[in-house]
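Here is a short briefing on one protein model. Look over the sequence and structure first, then read the points below.

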Amino acid sequence: MKLPKMYISTCDATMFFLPIFNYFYGKYFPNHETVILGFKKPDFPLIPNQKYISMAPVQEGGVQNWSTYLKEYFESIDDEIILWGIDDHLIADKVDYEI
C-alpha cells in the first residue's frame, strides 16, 4: 500500500523545530515521502525522502494569514489525499501503517 505524501508546514519563526521534528520523524516514520512547506529555505540538511518547497519569499500577514499560503499550495497540487502536520507537532511513536 502506498501512503499519501506527508506535508509539514513551517514558517521562519518556528523553523528551529524542524531538526527536532526530523529526528523523531526519521525514527518513527522513516523513508516516507515528505514535503516541508515554508518560506525561507532551511540552513540545515533535510532527511532522506524529504524536500522543501518555499511557498513565498516572505510570509506576509503574520499569524492571521498563514493558512492562505497553505490553501493556495494545496489547491495547486493533484493529490487527492494528503497527510498534513505542523513542525512543532512531533511523532512520538512508530506509525501504524494499518490504521
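At 16% relative accessibility, Tyr73 counts as buried (buried is under 20% relative accessible area, exposed is over 50%, and partly exposed lies in between, with a 1.4 Å probe and protein chains only). This is a predicted model: local features need pLDDT of at least 70, side-chain atom pairs count only at pLDDT 80 or more, and totals for chains, interfaces and linings use all residues. Residues are numbered from 1 along each chain as its sequence is written, and side-chain values use heavy atoms, with hydrogens and water left out.

**Aromatic pairs**

- The whole structure holds 9 aromatic pairs. Rings of Phe, Tyr and Trp (its six-membered ring) pair if their centres lie within 6.5 Å; planes under 30 degrees apart are stacked, over 60 edge-to-face, and the rest tilted.
- Helices (H or I, at least four residues) and strands (E, at least two) are DSSP runs, numbered from the N terminus.
- Phe39 is buried at 3% relative accessible area. Tyr69 is buried too, at 12%.
- Tyr73 and Phe74 also pair edge-to-face, with 5.7 Å centre to centre and 70° between the planes. Phe74 is partly exposed, at 23%.
- Ring pairs join Tyr7, Tyr73 and Phe74 into a cluster.

**Helix 1**

- Which residues of helix 1 are buried? They are Leu18, Phe21, Asn22, Tyr25 and Tyr28.
- These residues lie on the same side of helix 1, because they cover an arc of only 150° around the axis. The arc is that of the directions from the helix axis to the C-beta atoms.
- The buried residues of helix 1 pack against strand 1 (6-9), strand 2, strand 3 and strand 4 (83-86). Contact means heavy atoms within 4.5 Å.

**Salt bridges**

- Side chains of opposite charge can pair when their charged atoms come close.
- The structure has 2 salt bridges. Each needs a side-chain nitrogen of Lys or Arg within 4 Å of a carboxyl oxygen of Asp or Glu.
- Lys5 bridges to Glu33, with the closest N and O atoms 4.0 Å apart. This pair links distant parts of the chain: Lys5 in the segment before strand 1, and Glu33 in the loop between helix 1 and strand 2, 28 residues apart.
- Lys5 is partly exposed at 24%. Glu33 is partly exposed at 37%.
- Glu75 and Lys71 form a salt bridge at 2.8 Å, N to O. They are 4 residues apart in helix 2, so about one helical turn separates them. Both Glu75 and Lys71 are exposed.

**Surface and loops**

- Val63, Trp66, Ile82 and Trp84 form a nonpolar surface patch with about 380 Å² of accessible area together. Patches are made of residues with over 30% relative accessible area and no salt bridge; like charges are joined within 9 Å, nonpolar side chains (Val, Leu, Ile, Met, Phe, Trp, Tyr) within 5 Å. Accessible areas come from the Shrake-Rupley method with a 1.4 Å probe; for residues, only the protein chains shown count as cover.
- Trp66 lies in helix 2 and is partly exposed, at 33%.
- Asn31 has a positive phi, near 65°, in a residue other than glycine. Asn31 is in the loop between helix 1 (18-28) and strand 2 and is exposed, at 64%.
- Asn49 has a positive phi near 65°. Asn49 lies in the loop between strand 2 and strand 3 and is partly exposed, at 43%.
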